[in-house]
Amino acid sequence: MKKVNFGDLLGTLDNDYYDKIEREFASQLSKNAIDTALNTNIERLGGKVFYYMFKIVSQNFDEHCTKCFDEIIKVKIKELMKNNSGQIKVTKLDKKSFITQFTTQQYEVAKKAGITPSRLSKVLKNTLSDFYAFEVISLAITNDMKPKVAFEQLYYIPLTDSDILKKAKTSKKNKPTG
């Protein structure tokens with residue numbers, strides 16, 4: 001699968017995407033944060049960053065984000081099914097409440113959406129800071145929800161530099177000594 005950065009993706013929707021984002025977030029985000037977000041590979045793009053910037057550019061949020069991430073979602077579901085050699089079993093919220101509305105079995109929600117159960121667990125326990133954008137879209141689609149509704153339920157707090165520029169959490173084992 002070809003690596004695509006967020007800015008290139010937005011450029012397919014609107015040639016003036018950068019100016020629109022810069023105007024919208026001028027008082028809220030640094031230029032460094034905007035540039036960092038736009039240069040992020042879409043497979044590693046956080047859901048919150050995606051939502052706040054994508055809605056500025058897209059005229060049809062649900063249709064565009066579904067098309068943009070369709071291939072990634074299909075590949076992730078296929079990889080998870082291949083790795084587990086089995087079939088998927090179908091059986092204004094914080095992350096846990098967002099998932100609970102679909103089913104009480106996190107494992108089934110994760111597998112159905114093409115997310116490894118351990119990753120979903122880490123996001124829900126906040127040991128990983130956020131879902132990737134494609135994961136939110138996949139969770140929504142596989143549970144009969146419009147992607148925009150899912151993003152609105154999850155990301156009601158405004159976007160900040162720290163959402164974009166935050167460092168990955170360091171485990172206690174890997175912390176430098178001294």
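User: What makes Leu9 and Cys65 count as residues that Phe54 touches?

Analyst: In this predicted model, contact means heavy atoms within 4.5 Å, and Phe54 meets that criterion with Phe6, Leu9, Leu10, Leu13, Phe61, His64, Cys65 and Cys68, once residues up to four places away in sequence are not counted. Phe54 is also one of the residues that touch the most other members of the largest nonpolar core, a set of 51 residues, and others named with Phe54 there include Phe6, Ile21 and Phe131.

User: Why is Arg119 called buried?

Analyst: Buried means under 20% relative accessible area, and Arg119 has 13% relative accessibility, so Arg119 counts as buried. Leaving aside neighbours within four places in sequence, Arg119 is in contact with Leu128, Asp130, Phe131, Tyr132 and Glu135.

User: Where does Arg119 lie, and which residues of that helix are buried?

Analyst: Arg119 belongs to helix α8, which spans residues 117–124, and the buried residues of α8 are Arg119, Leu120, Ser121, Val123 and Leu124. The cover over these buried residues includes α6 (95–100), α7 (106–113) and α9 (133–141), while Asn126, which follows α8, has a positive phi, near 65°.

User: How do you know that the chain is built from helices, and how many residues count as buried?

Analyst: The chain has eleven helices and zero strands, and 44% of its 178 residues count as buried. As for the surface, the chain exposes about 10300 Å², of which carbon and sulfur atoms supply 49%.

Definitions and conventions: Residues numbered from 1 in each chain as written. Predicted model: local features only at pLDDT ≥ 70, side-chain atom pairs only at ≥ 80, totals over all residues. Heavy atoms only, no water. Helix = DSSP H or I, 4+ residues; strand = E, 2+ residues; numbered from the N terminus. Buried < 20%, exposed > 50% of the residue type's maximum accessible area, 1.4 Å probe, protein only. Core = buried A, V, L, I, M, F, W, Y, C linked by side-chain atoms within 4.5 Å. Areas by Shrake-Rupley, 256 points an atom, 1.4 Å probe, with all protein chains shown as cover.
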